[in-house]
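Trainee: Could we go through this model together, one question at a time?

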Amino acid sequence: MGRSFVEMPVRQRCQFLFDEGSVTELLGCEAQLTSPWLPKQGIVSQSDDGAIVMLGKIDGQRAVVLGIEGGFQGGAIGEVSGAKMAAALDLALQDNQRGVKTQVVIVLETGGVRLQEANLGLAAIADIHSAIIGLNDYVPVVGIVAGAVGCFGGMSIAAGLCSKLIVTREARLGLNGPAVIEQEAGIAEYDASDRPFIWGITGGEQRYRSNLVDHLVEDDANVIKQQLVETLQSGKPPTTRSEQIDHYLSILNQVDTSVQATPTQVCSDLAGGEADE
Ligand code: COA
């Protein structure tokens, strides 16, 4: 077993994905772009607002890597972190549009919209979605969800819009977070502390077997980097998941919501696959 990717802080994760010596961080901690809203609510802000933007080369090709720090506010996206990400994606789109090929990677570890910044976070996430859809015409947009927070809320939609997704077994991916489902539907319906159940429904392996992500890899930084390089080399897919609306709607229409879904049933509904390991 090599070096754990999950245990790396996000800045280190992003840096690791680039060719050595090729990377520059944009709007890093020295830019002091902090949330104006968190201190008003008695919460200490962070000088990068939990979002990392890096530009450099991956496998010799120009690439932008965006990262979200799961350790700060559960990786939830606020006005500033969201604007940083949306602007970086938009610049990458403009580069591709003027013929400067720029690949895009998003390292996702996030509880979605930052509840303390509500609509401002939502607006930024909408800009992120829109830029990813634009980029899908030019380059593969690769999302990586390694763990431990996972990827939820509006940013799970961003993950769904990525042309390719790489996950580990430690990852979780779902629209509503377990804490929110438990709060809204009650603990009898969904127990957020029942880890085998949560991972059985939203875990990386389950999402891979359900065909909702493309690659399941072990938590080894070198393995993840190698998978990323291969995924970027394979170019943009002929169709993205987000273009297969009829396919997914027909599956959704078969779901019986009167009974609790089980991991096995979710897999058989969405058709299985074998792990690449
Ligand atoms: N906004 C603000 N803070 C958030 C957040 C969000 N959307 N999501 C998580 N956090 C915070 C938690 O409040 C917690 O803060 P604390 O350490 O100060 O208590 C921290 O992130 C870690 O979350 P926690 O729930 O303790 O960790 P976990 O690993 O058990 O679960 C999640 C992580 C993301 C699965 C869980 O927090 C969750 O379900 N969040 C809601 C996700 C969601 O449905 N978002 C919809 C908004 S679009």
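Trainee: In which helix is leucine 252 found?

Mentor: This is a predicted model, in which local features need pLDDT of at least 70 and side-chain atom pairs count only at pLDDT 80 or more, while totals for chains, interfaces and linings use all residues. Residues are numbered from 1 along each chain as its sequence is written, and side-chain values use heavy atoms, with hydrogens and water left out. Helices are DSSP runs of H or I with at least four residues, numbered from the N terminus. Leucine 252 is found in the run of residues 245-253, helix H9.

Trainee: Is leucine 252 buried or exposed?

Mentor: With a 1.4 Å probe and protein chains only, buried means under 20% relative accessible area, exposed over 50%, and partly exposed in between. Because its relative accessible area is 57%, leucine 252 is exposed.

Trainee: And arginine 13, in helix H1: is arginine 13 buried or exposed?

Mentor: Arginine 13 belongs to helix H1, residues 10-17. Its relative accessibility is 4%, so arginine 13 counts as buried.

Trainee: With which side chain does the side chain of arginine 13 make a polar contact?

Mentor: A polar contact is a pair of N or O atoms within 3.5 Å; within protein, one must be able to donate a hydrogen and the other to accept it, and residues adjacent in sequence count only if both atoms are side-chain atoms. A polar side-chain atom of arginine 13 also lies 2.6 Å from the backbone oxygen of glycine 147. The side-chain partner, at 2.7 Å, is glutamate 109.

Definitions and conventions
Helices (H or I, at least four residues) and strands (E, at least two) are DSSP runs, numbered from the N terminus.
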